[in-house]
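Morning, everyone. Please have a look at the structure on the screen before I start.

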Amino acid sequence: MSSGDVAGGARPQAGGGSRSVCFERAFPIRFSHCDPAGIVFFPQYLVLFNQLVEDWFTEGLGISYAEMLGPRRVGLPIVHLECDFRAIARMGETLAFSVAVERIGGKSLTLALEARGDGVLRVASRQILVFTDLNTHRAIALPDDVRAALAACVSAA
């Protein structure tokens with residue numbers, strides 16, 4: 001395993017300490033991610049982090065993200081977002097994106113997300129997501145199956 005691989009291990013937090021990675025996915029950096037300077041245009045990291053969360057729910061937690069939003073009408077909007085851009089990434093690189101659970105609340109979830117390449121932290125993000133009823137757009141309690149899957153993810157990490 002290279003220094004850029006995480007495979008469920010602990011990662012240093014931006015402010016010290018560690019958290020356990022629940023899910024990781026490699027994404028190749030494509031032309032469409034880059035700006036005229038040839039580096040990843042910063043909003044594209046948010047698109048990639050969103051893809052990571054969708055994949056984590058569907059593949060990592062075993063809860064279809066599409067079904068959650070579609071038939072179940074459960075939304076998961078970001079209500080707070082922090083990002084630290086530490087190093088650039090260029091087209092042709094493959095970055096390891098990871099998600100770790102910081103906090104499971106009654107109606108919200110706090111995630112720590114990272115993008116690393118060649119063992120170097122490129123971007124770190126902290127996101128608070130709130131579960132909502134997509135018919136009323138009001139916050140709701142975490143669905144029981146989501147809470148159970150999150151608990152299993154955190155204990156396994």
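I will go through the aromatic rings, then the strands. Keep in mind that this is a predicted model.

Rings first. The structure holds eight aromatic pairs. Take Phe41 and Phe42. Their ring centres are 5.3 Å apart and the planes meet at 65 degrees, so this pair is edge-to-face. Phe42 sits in the loop between strand S2 (18-28) and helix H1 (43-60).

Next pair: Tyr45 and Phe85. This one is tilted, with 6.1 Å centre to centre and 50 degrees between the planes. Tyr45 belongs to helix H1 and Phe85 to strand S4 (residues 78-85), so the pair ties together parts that are 40 residues apart in sequence.

Are these two buried or exposed? Tyr45 is buried, at 3% relative accessible area. Phe85 is partly exposed, at 43%. Phe41 is also partly exposed, at 39%.

Now the surface. Phe41, Phe42 and Phe85 make a nonpolar patch of about 320 Å². Those three also belong to a cluster linked by ring pairs, together with Phe27, Tyr45, Phe49 and Phe97.

On to the strands. There is an open sheet of three strands, ordered S3-S8-S9, with antiparallel pairing. Strand S3 (74-75) and strand S9 (138-139) are the edges; each has a single partner strand, so one side of each is left without a neighbour in the sheet. S3 pairs with strand S8 (residues 132-133) over two bridges. There, Gly75 has Thr132 as its bridge partner.

Last, strands S5 (residues 94-104) and S6 (residues 108-117). They run antiparallel, joined by eight bridges. A hairpin of three residues connects S5 to S6. Val99 stands opposite Leu113 in S6.

Thanks, that's my tour.

Technical notes:
Residues are numbered from 1 along each chain as its sequence is written. This is a predicted model: local features need pLDDT of at least 70, side-chain atom pairs count only at pLDDT 80 or more; totals for chains, interfaces and linings use all residues. Side-chain values use heavy atoms; hydrogens and water are left out. Patches are made of residues with over 30% relative accessible area and no salt bridge: like charges are joined within 9 Å, nonpolar side chains (Val, Leu, Ile, Met, Phe, Trp, Tyr) within 5 Å. Accessible areas come from the Shrake-Rupley method with a 1.4 Å probe; for residues, only the protein chains shown count as cover. A salt bridge is a side-chain nitrogen of Lys or Arg within 4 Å of a carboxyl oxygen of Asp or Glu. Helices (H or I, at least four residues) and strands (E, at least two) are DSSP runs, numbered from the N terminus. Two strands pair if DSSP finds at least two bridges between them. Rings of Phe, Tyr and Trp (its six-membered ring) pair if their centres lie within 6.5 Å; planes under 30 degrees apart count as stacked, over 60 as edge-to-face and the rest as tilted. Buried means under 20% relative accessible area, exposed over 50%, partly exposed in between (1.4 Å probe, protein chains only).
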